[in-house]
Amino acid sequence: MFAFKVACLCLSVAVVFGENNQQNSNDRSASIFQSCISETKLSGDALKGFRSMSIPKTQAEKCMMGCLMRKVNVINNGKFSVEEATKVAQKYYGTNETMMKKAKDLIDVCAKKAQSTTEECALAGIVTTCIVEEAQKAGLTGGPGSRSKRTVSPKFRHSIV
């Protein structure tokens with residue numbers, strides 16, 4: 001099983017879930033997701049594949065992931081934002097120095113791999129794949145997408161599943 005089952009989907013929406021007002025963050029997350037569905041015109045089998053919460057394989061799934069990442073500034077101006085990704089990691093691992101170090105190392109590795117393109121869909125595919133692979137190598141658990149204390153709210157999970 002992947003260390004980050006939802007991979008960048010949760011990386012993207014984790015920024016939203018970190019807000020203090022849970023109802024507003026649920027509404028905002030659902031709004032972002034729906035906005036990206038409309039923008040990318042993801043539907044049918046492509047939407048079903050994306051909802052399986054695995055690494056996006058198709059161009060449509062990569063574009064959906066790219067949209068989500070852009071909406072929360074993890075992708076900004078065609079670049080993977082180390083700063084925004086670190087903020088997300090900080091929300092999950094901030095008090096655990098060992099896990100935070102692993103997360104920062106993972107982010108740095110993925111940022112280097114992400115330099116190969118500025119096209120949003122391709123960038124999202126590269127970053128997602130990198131995060132999953134590097135998280136497995138590093139043994140990162142308990143963060144975005146894992147079944148730990150922090151889970152996606154039932155309302156949001158229902159809206160994407």
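**Helix packing and local features of the chain**

Among contacts in the chain between residues at least 6 apart in sequence, 70% join residues at least 24 apart. The model described here is predicted, and its chain contains 8 helices and 2 strands, which follow one another from the N terminus in the order α-α-α-α-β-β-α-α-α-α. Of the 161 residues in the chain, 49% are buried.

Two helix pairs that share H4 were examined in turn. Two packed helices are described by the angle between their axes and the distance between the axes. For helix H3 (residues 44–51) and helix H4 (residues 59–71), the axes come within 9 Å and cross at roughly 60°; H3 and H4 are therefore oblique to each other. The crossing in which H3 passes H4 is right-handed. On the side of H3, the contact is made by Ala-46, Gly-49 and Phe-50, and on the side of H4 by Ala-60, Glu-61, Met-64, Met-65 and Leu-68. Classified by residue type, this contact of H3 with H4 has 6 nonpolar, 1 polar and 1 charged residues.

The second pair is formed by H4 and helix H7 (residues 120–138), whose axes come within 7 Å and cross at roughly 85°, an angle that makes H4 roughly perpendicular to H7. H4 contributes Gln-59, Lys-62, Cys-63, Met-65, Gly-66, Cys-67, Met-69 and Arg-70 to this contact, while H7 contributes Glu-120, Cys-121, Ala-124, Gly-125, Val-127 and Thr-128. The residues of the contact of H4 with H7 divide into 7 nonpolar, 4 polar and 3 charged. Met-65 of H4 is listed in the contact with H3 and also in the contact with H7.

Helix H7 also holds Val-132, which counts as buried because its relative accessibility is 1%, under the 20% cut-off. The C-alpha atom of Val-132 is separated by 9.5 Å from that of Leu-106, although the two residues are 26 apart along the chain.

A charged residue, Glu-84, is placed in helix H5 (residues 82–93) and, with a relative accessibility of 16%, likewise counts as buried. When residues up to four places away in sequence are not counted, Glu-84 touches Val-72, Asn-73 and Val-74. Asn-73, one of these contacts of Glu-84, belongs to the loop between H4 and strand E1 (75–76), and is partly exposed, with a relative accessible area of 36%.

The backbone of Asn-73 was considered together with that of Lys-41. Most residues other than glycine have a negative phi. In Asn-73, by contrast, phi is positive, with a value near 65°, and in Lys-41 phi is also positive, with a value near 60°. Lys-41 lies in the loop between helix H2 (22–40) and H3, and its relative accessibility of 66% is the reason that Lys-41 counts as exposed.

Notes
Residues are numbered from 1 along each chain as its sequence is written. This is a predicted model: local features need pLDDT of at least 70, side-chain atom pairs count only at pLDDT 80 or more; totals for chains, interfaces and linings use all residues. Side-chain values use heavy atoms; hydrogens and water are left out. Axes are lines fitted to C-alpha atoms, for helices over the stretch in contact, and angles run from 0 to 180 degrees between N-to-C directions. Helices (H or I, at least four residues) and strands (E, at least two) are DSSP runs, numbered from the N terminus. Angles under 35 degrees count as roughly parallel, over 145 as roughly antiparallel, 65 to 115 as roughly perpendicular and the rest as oblique. A crossing is left-handed if the near helix is turned anticlockwise from the far one by less than a right angle, and right-handed if clockwise. Contact means heavy atoms within 4.5 Å. Buried means under 20% relative accessible area, exposed over 50%, partly exposed in between (1.4 Å probe, protein chains only).
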